[in-house]
Amino acid sequence: MTRRARTRLFLAAAAVIAAVFALACLRLPPFGTQTHPYADRAVEATMRQRTANTVSSVNFDQRAFDTLGEETILFAAVLGAVGLLRRTADERRTRPRPVAVLPSTRLFGAVMLPITLLTGVYIVGHGQLSPGGGFQGGVILATGVHLSYLAADYRVLDRLRHREALDRADALAAGTFAALGLIGLGAGAAYLQNVLHLGTFNQLVSGGLVPYINAAVGVEVATGVIVILAHFLDQTEEFAGGGKGGSR
Amino acid sequence: MSVVDLLPLTVAIPLVGAALLALSGHWIRRMGCDILTALFATAQAAVLLVLWLHTAHGSPGHSPASWVGGWTPHRGESVGIVLVGDPVGVGAALLAALLVLAVVAYSWRYFDEPPARMPGTFPALVLLFEAGMCGFAVTGDLFDAFVFFELMGTAAYALTGYRVEDPRPVQGALTFGLVNSLGAYCSLLGIGLLYARTGELGMAQIGHALGAHRTDLLTVAAFVLVLTGLLVKAAVVPFHFWLADAHAVAPTPVCMLLSGVMVELGVYGAARVYWTVFSGAGGIPAPAVRGVLVCLGVVTALLGAVMCWQQRHLKRLLAFSTIGHVGLFLVAAALLDPEGAAGFALYVAGHAGAKAALFALTGVLLDQYGSVDVHGLFGRAKALRRSVGLLFVAGGLALAGLPPFGTGLGKSFAEHAAGSWLPVLTALFVVVSGVTGGAVLRAALRMFAGAGRRPGESGGPQTSGEGEEPEVRDPGRRVPRTMIAVPAVLLAACLALGLAPGVGGVFGRAGALFVSRADYQAAAGLPGPGATAPPPPLPDWTTAGVALGLLSTALAVGLAAVAVWGPARRGATARAARRALAACSRTLVLPLRGLHSGRLGDDVAWLGAGVAALLGAFSLLR
């Protein structure tokens, strides 16, 4: 297909899709109505499970099986990055050079890094109580570590993250989630059933299985994001020569 | 707790296995990784076998189901996710598990150079792929199905591009990933529309709630969008462009899984979504679905067969034959009757054995000769004639539907169902299976016997398959026993499927339950009529079925013979026939091959055109 034919075909198709989708959206229920069948049921179930944060209750208890799948997608992406971005025979490893950074930037990083990490831990730790949880906190933790790359250089970042340990922690966290579900089966109930003691509403240890799954997801997301970024950064910072998809 | 509560384990077992592999691969080394993978793949297959025996032989009342997390519904309402153990769903998961087991055995010590830091990466990804496919097959929740659909995609993209030393796999995997992701976004949009309308995510629950609304553009848009992701996965025309490019470059064990079961799961998902969500009041009328999807199936089957015949790159040849067969599967499933569904299920099971075996044998050729080019291998594989060659021919005959292979029986069910709706569809089944089987036989004659003239270079766009990297770098070694044993076992399984007594009864019942909306709703805890009367069991082999199977096989053998020995024939008739064929090839086939440019932009444009066409068709026909 020529470039022009392709563009025309795509634009014509896009116009049809846009028109039908826009007309379909006009049929959506209006905003601000009172009927929210799933939300009503979910909030009621959250209260019964003594979990203060409904979103976490949905994520880690009511629809925990979805979350297991989502977390596994991240795990698969990590393994995919490990496999695809591995160093091949025609790539050499080079030592990244130190980079000069403005003192103000360095100061900013030194102050913000611990604060960001602390925030991440807080967001993960209180996932069952307040907005946030393993997914959000995990991303914040990973961001915090990478402040060292912005405020210093790649060598500092490399010292901060122990690659082997992170790989293992990631796999361990992914496996832990799946294994936590077996507690329910072991107790004669269903897989991922919240059979632990539910505790007191709005206490740090409440919601039964929720805080544990939440913590596993937090570790998985934090380590997963760091590992994936590490493999991409390695490609640009450390490997030279060869060049994938290059000159063959 | 009952047997059916083991359903979530079909996701948990491979997941724990993958985590253990990633965790300990460094310490347990190569051999340990292989053993660990085999253990988990076996456990998974065993659990699914138990589940399948439990569900396939019938229990009183509706199909069993398991609510994950114990969120069983109160007054017909639940906040949880249901997994449904109907025979076709569990059977699809079992098929995936058995193929993974075959792949694990086949690729025992397969790669020379696993990533140094994590040698368990490849088997771990295979197990995650398995978790995605099994979760997708058994879930009764639309969003959950999307999640596992994405998991299966993510693992498959990484596995496809695994040989990063060569730029081609990376490009193939990128196209595969981007096109399939676009399809998946469409599906997610559609799920969003359905959730906005009904406030439900369970397939049966959405279907039930749609009954309170009229069928309007929102229903149509949701149906088409949800279907898009599934049809992209199923490689239905015009969403099929990614498939051959991905298959040509993926490692052989991955091809076995992609062609054997993943692509077919797309058709399974489309049929599942139609029956559970859209087949009732407020859904999409059956005649529209039947008309449009059978049309798509016919075009897909014909295009797959024509393109398959044109290939000299073995993996691309097998990939296009998969497209041809997927077209037939779509026709069978889209007939929307129990017999069609039964034929679909049995045909897919038989095809998985035959196609995976053929890919496995292609892997042996790649291993021994570093090429998958039929022309380049002309007469070179004579040494392997008695082992690989015979199995390759058997695979070709199975693909053509020779009785008593399971493919033949599945084809005869599907053919009968299709023929009683529209007689000309019978011819489609015979022609497409004959042409694809013939292409395989032609390749076998050339490579293993050096029969006929050495094929010349023809013009036009084509991929030769020369200069492939051997996947196992140890030239001159003997063919590992497992690499011959696995395809032999797969073909034997395909044969056993057609010979086992009572197959018609089991699959007939499975098909009837698959198309029973009442059964699914009852399983998912909705009030309703529940169990329906069991259908009359299908006969195992009929005279017509055997005759048509023999006919398509004869067609395959005839086509292969003409292609191999025809060019050497003399005489006016032979010359005239050759001239007519050349003209036909110039006007019809070359433009078609030109369309398969392998450019990502073209693939995306066709994806958009397909969605727009489906939206238009269903808007008009609702």
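**Ground rules.** I number residues from 1 along each chain as its sequence is written, and chains are lettered from A, ligands numbered from 1, in the order in which they are written. Since the model is predicted, local features need pLDDT of at least 70 and side-chain atom pairs count only at pLDDT 80 or more, while totals for chains, interfaces and linings use all residues.

**Entry 1: chain B as a whole.** I looked up the secondary structure of chain B and found 21 helices and two strands. Helices (H or I, at least four residues) and strands (E, at least two) are DSSP runs, numbered from the N terminus. The C-alpha atoms of chain B fill a box of roughly 75 × 60 × 50 Å along the principal axes.

Entry 2: Strand S1 (residues 65-68) and strand S2 of chain B run antiparallel and are joined by four bridges. Strands pair if DSSP finds at least two bridges between them. Trp67(B) has Val82(B) in S2(B) as its bridge partner. From S2 (residues 81-84), Ile81(B) and Leu83(B) point one way, Val82(B) and Val84(B) the other way, and all are buried.

**Entry 3: where the chains touch.** The contact takes 64 residues from chain A and 68 residues from chain B. Two residues are in contact if their C-beta atoms, placed from the backbone, lie within 7 Å. Which helix gives the largest share of chain A's side? H4(A) does, with 16 residues. By class, chain A's side has 38 nonpolar, 14 polar and 12 charged residues. Here Ala, Val, Leu, Ile, Met, Phe, Trp, Tyr, Cys and Pro count as nonpolar, Asp, Glu, Lys and Arg as charged, and the others, Gly among them, as polar.

Entry 4: I found Ile17(A) in helix H1 of chain A. Ile17(A) counts as buried because it has 22 C-beta neighbours inside 10 Å. Not counting residues up to four places away in sequence, Ile17(A) touches Gly608(B), Val611(B), Ala612(B) and Leu615(B).

Entry 5: Most residues other than glycine have a negative phi, and most peptide bonds are trans.

- A cis peptide bond joins Val237(B) and Pro238(B), with omega about 0°; Pro238(B) is in the loop between H7 and H8 of chain B.
- The bond from Pro403(B) to Pro404(B) is cis, with omega near 0°.
- Leu192(A) has a positive phi near 65°, and lies in the loop between H8 and helix H9 (210-237) of chain A. Leu192(A) counts as buried because it has 31 C-beta neighbours inside 10 Å.
- Leu336(B) has a positive phi of about 60°, and counts as buried with 20 C-beta neighbours inside 10 Å.

Definitions and conventions. A residue is buried if 20 or more other C-beta atoms lie within 10 Å of its own, exposed if 12 or fewer, and partly exposed in between; C-beta atoms are placed from the backbone.
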